[in-house]
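Hello,

Here is the structure I promised to pass on. Please open it first, then read my notes below.

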Amino acid sequence: MPTIEFDHPDRFVAGTVGPPGGRTFFLQAVQGRRVVSVSLEKEQVAVLAERVNELLDELSATDDLPAATEDNEPLTTPIEDEFRVSTLSLAWEPERQVLIIEAHDREVELEPTEDGQDLREIVGPDASLMRVLLEPAQAREFARRGLASVADGRPPCPFCGGPLDPTGHICPRANGYKR
């Protein structure tokens, strides 16, 4: 399984490419001249950012640390995704005081164990993994920017709460009329 690893990258951000309603979401790690981008769903970015904040709050890991500098710059070019993320994992390593984020492109098969009672995962040979180790302050900044990129989408309809397209949308609260 190819593993792309970043130990305290210069930059790790969630960002988008494209107009609201047609955006593609990316996680991007930059270390020196090395740039790796992986694409994922909007909901995956939102959940990952929320879980990072929750984990750091539980650990109180950022109480006495200086805040990371705010990163609102666009994604670093070229933006070519290495793979599409299917699974994200999050962990805390207490010895090194780092947060570990893993993005997996898993080709998984389930196979019965020897006793036939359980199933175990067999990861395919072409599966990819990006592992990023972050200081707590950098992880907090990642979460802030990730939540901001999710919120920068289309404005909600004042009637149904669904996303408004620039050309309007068929609103279920308006009996199917276009708003």
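**What I found**

Among contacts in the protein between residues at least 6 apart in sequence, 59% join residues at least 24 apart. Keep in mind that this is a predicted model.

The overall layout comes next. The protein has ten strands and two helices. From the N terminus, the order is β-β-β-β-α-β-β-β-β-β-β-α. The protein has 179 residues, and 40% of them are buried. Its accessible surface is about 10,500 Å². Carbon and sulfur atoms account for 49% of that surface.

Now to the aromatic rings. The structure holds one aromatic pair. Its partners are phenylalanine 12 and phenylalanine 142, and the pair is stacked. The ring centres are 4.8 Å apart, with 25° between the planes. This pair links distant parts of the chain. Phenylalanine 12 sits in strand β2 (residues 11-17), phenylalanine 142 in helix α2, and 130 residues separate them. Both phenylalanine 12 and phenylalanine 142 are buried.

Helix α2 (residues 136-151) also carries arginine 145. Is arginine 145 buried or exposed? Arginine 145 is buried, because its relative accessible area is 10%, under the 20% cut-off. The arginine 145 side chain reaches the backbone oxygen of aspartate 71 at 3.1 Å. Leaving aside residues up to four places away in sequence, arginine 145 touches several others, including Arg11, Val13, Asp71 and Pro74.

One more arginine to look at: arginine 34 lies over the face of phenylalanine 6. The distance from the ring centre is 4.1 Å.

Best wishes

Definitions and conventions: Residues numbered from 1 in each chain as written. Predicted model: local features only at pLDDT ≥ 70, side-chain atom pairs only at ≥ 80, totals over all residues. Heavy atoms only, no water. Helix = DSSP H or I, 4+ residues; strand = E, 2+ residues; numbered from the N terminus. Buried < 20%, exposed > 50% of the residue type's maximum accessible area, 1.4 Å probe, protein only. Contact = heavy atoms within 4.5 Å. Areas by Shrake-Rupley, 256 points an atom, 1.4 Å probe, with all protein chains shown as cover. Polar contact = N/O pair within 3.5 Å; in protein donor to acceptor, adjacent residues only side chain to side chain. Phe/Tyr/Trp six-rings, centres within 6.5 Å; stacked < 30°, edge-to-face > 60°. Lys NZ or Arg CZ within 6 Å of the ring centre and 35° of its normal.
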